[in-house]
Amino acid sequence: MLKPGDLVFVEGTSFLTQSILDLTKSDVSHVGIVLAFDPILQFPIIIESTYPRVRVAPLDVMKAEDPTVYLMEDLTLTDEERAVVVRDALTFYNAEYSLTKAVLLGFDKRFKTYWFSENLDYTSDPICCWLAVHGRRAVNRFFGQAPDA
């Protein structure tokens, strides 16, 4: 069962998401974070950074827009760490989505560099992957190699 702080990955079908998949050579184009699981209605509530703003919605809304969804239960997070990840994600609620940052990060991924995005401000206007990465960094979890490792 999904818990707060778990991740939801999406392989989209829209023109934009197909462009992201083509540019980044990734299997997924989008990620959201589980905020809570509604035990009565039996569905998770997700926070995601999507155009035009960061929003909170049931997983069913995300699945209706992009039907191929992968769920990642993070068995390593403690309940306290999950609370930190969720609080961190909620600080971005309703922030504007940055198409510019998404394109620059896509170029970095495609050309295996950080040249395009190394000086971007990640404290505002998040994109979906930054929302997930930022929350994980708050509890010393990293995708790939940790800084200074």
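Let's start with two helices: the axes of α3 and α5 come within 8 Å of each other and cross at roughly 135°. That angle makes α3 oblique to α5, because an angle over 145 degrees would be needed for roughly antiparallel and 65 to 115 degrees for roughly perpendicular. Keep in mind that this is a predicted model. Below is a quick tour, starting with that helix pair and moving on to a loop, some strands and a group of rings.

**Where α3 meets α5**

- When you describe two packed helices, you give the angle between their axes and the distance between the axes.
- There's also a handedness to note: α3 passes α5 in a right-handed crossing.
- Which residues meet here? On the α3 side they are V85, D88 and A89, and on the α5 side they are L131, H134, G135 and R136.
- Take a look at G135, which sits in helix α5, residues 128-137.
- Is G135 buried or exposed? G135 has a relative accessible area of 0%, so it counts as buried, the cut-off being under 20%.
- If you skip residues up to four places away in sequence, G135 touches V85 and D88.
- Along the chain, G135 and V85 are 50 residues apart, yet in space their C-alpha atoms are 4.5 Å apart.

**A serine in a loop**

- Next up is S98, found in the loop that runs between α3 (79-90) and α4 (99-111).
- S98 is buried too, with a relative accessible area of 10%.
- What does S98 touch, leaving aside its neighbours within four places in sequence? Its contacts are D125, P126 and I127.

**Strands side by side**

- Strand β1 (residues 7-11) and strand β2 (residues 30-38) run antiparallel, joined by four bridges.
- To spot this pairing in the structure, find F9, which stands opposite V31 in β2.
- β2 also pairs with strand β3 (residues 43-50), again in the antiparallel sense, and here there are six bridges.
- β2 and β3 form a hairpin with four residues between the strands.
- In that hairpin, check out Q42, which takes a positive phi near 65°.

**The aromatic rings**

- How many aromatic pairs does the structure hold? The count is four.
- To describe a pair of aromatic rings, you use the distance of the centres and the angle of the planes.
- W115 and F116 form an edge-to-face pair, because their planes are at 90°, with the ring centres 5.0 Å apart.
- Ring pairs also tie F107, F111, W115 and F116 together into a cluster.
- How open are these rings? F111 is exposed, at 52% relative accessible area, and W115 is exposed as well, at 61%.
- F116 comes in at 27% relative accessibility, so it counts as partly exposed, a label for values between 20% and 50%.

Note on methods: Residues numbered from 1 in each chain as written. Predicted model: local features only at pLDDT ≥ 70, side-chain atom pairs only at ≥ 80, totals over all residues. Heavy atoms only, no water. Phe/Tyr/Trp six-rings, centres within 6.5 Å; stacked < 30°, edge-to-face > 60°. Buried < 20%, exposed > 50% of the residue type's maximum accessible area, 1.4 Å probe, protein only. Contact = heavy atoms within 4.5 Å. Pairing = 2+ DSSP bridges. Axes fitted to C-alpha atoms, helices over the stretch in contact; angles between N-to-C directions. Parallel < 35°, antiparallel > 145°, perpendicular 65-115°, else oblique. Left-handed = near helix turned anticlockwise from the far one by under 90°.
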